[in-house]
Amino acid sequence: MKNILHLKSSIQGAASYSIKLGNAIVERIQDKYPGSRVDELDLVAMDIPHLNPLVLQSFFTPADQLTGEQKEAIHLSDTLVKQLFAADVIVIGAPLINFTIHSSLKAWIDHITRAGITFGYSATGPIGLVNGKKIYIAMSSGGVYSEGPGAANDFVAPYLKAFLGILGMTDVSVFRAEGLKVPGIKEVAMERALESIEID
Ligand SMILES: Cc1cc2nc3c(=O)[nH]c(=O)nc-3n(C[C@H](O)[C@H](O)[C@H](O)COP(=O)(O)O)c2cc1C
């Protein structure tokens, strides 16, 4: 039995491929681990704010010195961090938007990246404090980035792996629905993505 956190960041609603792929990954996890429960976060609908000076200052203020305003400013971040720690498995829907992730997913990342809570500093660099999680990334893209000429612009998978690694989440599998706008590929892209799913 696993606690699954499914993050969605598509702006295409019911037509979203990353959500379909993410849902398929969740189903496969539930098949393998009966009784698993899922928390779904629609990051686009949540409209998570950009980091701002008040939030940043509050992040770096000791908990017993936070003002009411500062507590309020980081309440969402605290909630997102709790959800993160409560999950055993995290499925991250990552549609490609202008060569990178959607800003809603970036906003989630900014709010869960907390010095002293999700990562620490050491003489040899940052140390991840979010350990023991399995991460599945459900990517979707109009183009193909896993191979061929587009591979030079494959920014999302390396970025997410690097970022997750800093927080201690190093067990990452990436599945891609790619070439969704490429004639000759788009017809089979989703089928290929679904067939590629492997659950640990
Ligand atoms: C605003 C916007 C920007 C996009 N930028 C890219 C891009 O840079 N590269 C790419 O391969 N596909 C791009 N696409 C295509 C999406 O990646 C594709 O539609 C994918 O299915 C989006 O995921 P979703 O179906 O889960 O929403 C873009 C789509 C939109 C709407």
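1. A salt bridge is taken here as a side-chain nitrogen of Lys or Arg within 4 Å of a carboxyl oxygen of Asp or Glu. By that criterion the side chains of D110 and K106 meet in a salt bridge, with 2.9 Å from N to O. The two residues are four apart in helix α6, which means that about one helical turn separates them. K106 counts as partly exposed at 35% relative accessibility, where buried means under 20% relative accessible area, exposed over 50% and partly exposed in between (1.4 Å probe, protein chains only).

2. On the basis of the coordinates: this is a predicted model, in which local features need pLDDT of at least 70 and side-chain atom pairs count only at pLDDT 80 or more, while totals for chains, interfaces and linings use all residues. Residues are numbered from 1 along each chain as its sequence is written, and side-chain values use heavy atoms, with hydrogens and water left out.

3. On the annotation: UniProt, in an unreviewed entry, lists residues 2-197 as "domain: Flavodoxin-like fold"; the positions are given in the numbering used here, the feature names are shortened, and such annotations may be inferred rather than shown by experiment. In the model, the end C-alpha atoms of residues 2-197 lie 18 Å apart, and the span is 39% helix and 22% strand. Helices (H or I, at least four residues) and strands (E, at least two) are DSSP runs, numbered from the N terminus.

4. On the remaining charged pairs: the structure holds seven salt bridges, including one between K8 and E40, whose closest N and O atoms are 2.9 Å apart. This pair links distant parts of the chain, since K8 belongs to strand β1 (residues 3-8) and E40 to strand β2 (residues 37-42), 32 residues apart. K8 is buried, with a relative accessible area of 13%, whereas E40 is partly exposed at 48%. R37 and D39 also meet through their side chains in a salt bridge, at 3.5 Å from N to O; R37 is partly exposed at 42% relative accessibility, and D39 is partly exposed at 33%.

5. On the packing of α5 against α6: helix α5 (residues 75-86) and α6 pack at an angle of about 90 degrees, with their axes 8 Å apart. Axes are lines fitted to C-alpha atoms, for helices over the stretch in contact, and angles run from 0 to 180 degrees between N-to-C directions. The two helices are therefore roughly perpendicular, a description that covers angles of 65 to 115 degrees, whereas under 35 counts as roughly parallel, over 145 as roughly antiparallel and the rest as oblique. S77, L80, V81 and L84 in α5 meet W108, H111 and I112 in α6.

6. On R114: this residue lies in the loop between α6 (103-112) and β4 (119-122), and R114 counts as buried at 5% relative accessibility. Its side chain makes a polar contact with the side chain of S77 at 2.7 Å; a polar contact is a pair of N or O atoms within 3.5 Å, where within protein one must be able to donate a hydrogen and the other to accept it, and residues adjacent in sequence count only if both atoms are side-chain atoms. Leaving aside neighbours within four places in sequence, R114 is in contact (heavy atoms within 4.5 Å) with F59, I74, S77, D78, V81 and F119.

7. On backbone geometry: most residues other than glycine have a negative phi. D47, although not a glycine, has a positive phi of about 50 degrees; D47 sits in the loop between α2 (43-46) and α3 (53-59) and is exposed at 63% relative accessibility.
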